[in-house]
Amino acid sequence: MNKKSREQAIEELSLMLIYLTRFQDNNENCRYLENSWKGYDFDALDALENKELLFQPKRSKCVYLSEEGKEAARKLLDEYNIADKEILENFEFRNIRQDEAEQAAAIEQICFPPNEACSEQNMRERIAKAPELFLVAVDKENGKIAGFLNGLATDEYTFRDEFFTDAGLYEPNGKNVMLLGLDVLPEYRKRGLGRELVFQYMRREREKGRCMIFLTCLKSKVKMYEKFGFIDRGIANSTWGGEEWHEMSCTLGIG
């Protein structure tokens, strides 16, 4: 893949995210039927509109994809190996079940060092409190969880360590989501499964009316999450596991 300029990368990532977080508009007078919230770089949106890939109505909070825009987005997803056919054919994506708590806790212990991993008790409490804030990828061949993403909904706008340990902070109608972990078993890595989990999670929570997603990650993971559309907010207040973390956020919609 040829090296891209910063501007081109932002345009392409914005187009992919708009496509992945799009939803149906029933307004018959709308120029394009599928739209997304205007929570992206304004210069990138203007450039995409100049290329007739999307349309930005005046005084609207949404952008609307053209047929050319949707086709361009699909080609980019294929280029970046996102949501490829193999993943969709081989994995089922759904909420977690209560009887899978032990399996999820075991996966967490494999994917994170002991000082960072969620305890089995805390994992059980999260699943009992907010199973709908989990998204699991199940291997259709063996029925086992290959990876999962989980979080808690809240109206807060800053990540704090208590979200890791206190499932009681969950607010079912909260406008934001604090992501608590992305886990993919080693044998399933480098296949795009982590990306697919993130993008499906973002689209699902956008459809629920969430506004923002927050997470913390080590410096080595910042670039990866930037590719998913997250913005680095700098060093987080979190001291979880005795590490230095970056707080990152992604806008899904406008509350």
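Me: Is Asp99 buried or exposed in this structure?

Reply: This is a predicted model. Exposed means a relative accessible area over 50%. Asp99 has 59% relative accessibility, so Asp99 counts as exposed.

Me: Which side chain meets Asp99 in a salt bridge?

Reply: A salt bridge needs a side-chain nitrogen of Lys or Arg within 4 Å of a carboxyl oxygen of Asp or Glu. The partner of Asp99 is Arg97, at 3.3 Å, N to O. Arg97 is partly exposed, at 42% relative accessibility.

Me: Where do Arg94 and Glu100 stand, buried or exposed?

Reply: Arg94 is buried at 15% relative accessibility, and Glu100 is buried at 2%. Their side chains form a salt bridge of 2.7 Å, N to O.

Me: How many salt bridges does the structure hold?

Reply: The count is 15. Another of them joins Arg204 and Glu205, at 3.0 Å. Arg204 is buried, with a relative accessible area of 16%, and Glu205 is buried at 0%. Shared partners also link Glu92, Arg94, Arg97, Asp99 and Glu100 into one network of salt bridges.

Me: How many disulfides does the structure hold?

Reply: A disulfide is a covalent bond between the sulfur atoms of two cysteines. The structure holds 0. For Cys118, the closest cysteine sulfur is that of Cys111, 12 Å away, so the distance is too far for a bond. For Cys211, the closest is in Cys250, also 12 Å away and too far for a bond. Cys118 is buried at 3% relative accessibility, and Cys211 is buried at 5%.

Me: Which residues form a negative surface patch?

Reply: Glu7, Asp41, Asp43 and Asp46 form the patch. Asp43 lies in helix H2, residues 42-50, and is exposed, with a relative accessible area of 61%.

Terms used:
Residues numbered from 1 in each chain as written. Predicted model: local features only at pLDDT ≥ 70, side-chain atom pairs only at ≥ 80, totals over all residues. Heavy atoms only, no water. Patch = residues over 30% accessible without salt bridge, like charges linked within 9 Å, V, L, I, M, F, W, Y side chains within 5 Å. Areas by Shrake-Rupley, 256 points an atom, 1.4 Å probe, with all protein chains shown as cover. Lys, Arg positive; Asp, Glu negative; His and termini not counted. Charge placed at Lys NZ, Arg CZ, Asp CG, Glu CD. Helix = DSSP H or I, 4+ residues; strand = E, 2+ residues; numbered from the N terminus. Buried < 20%, exposed > 50% of the residue type's maximum accessible area, 1.4 Å probe, protein only. Disulfide = S-S within 2.5 Å.
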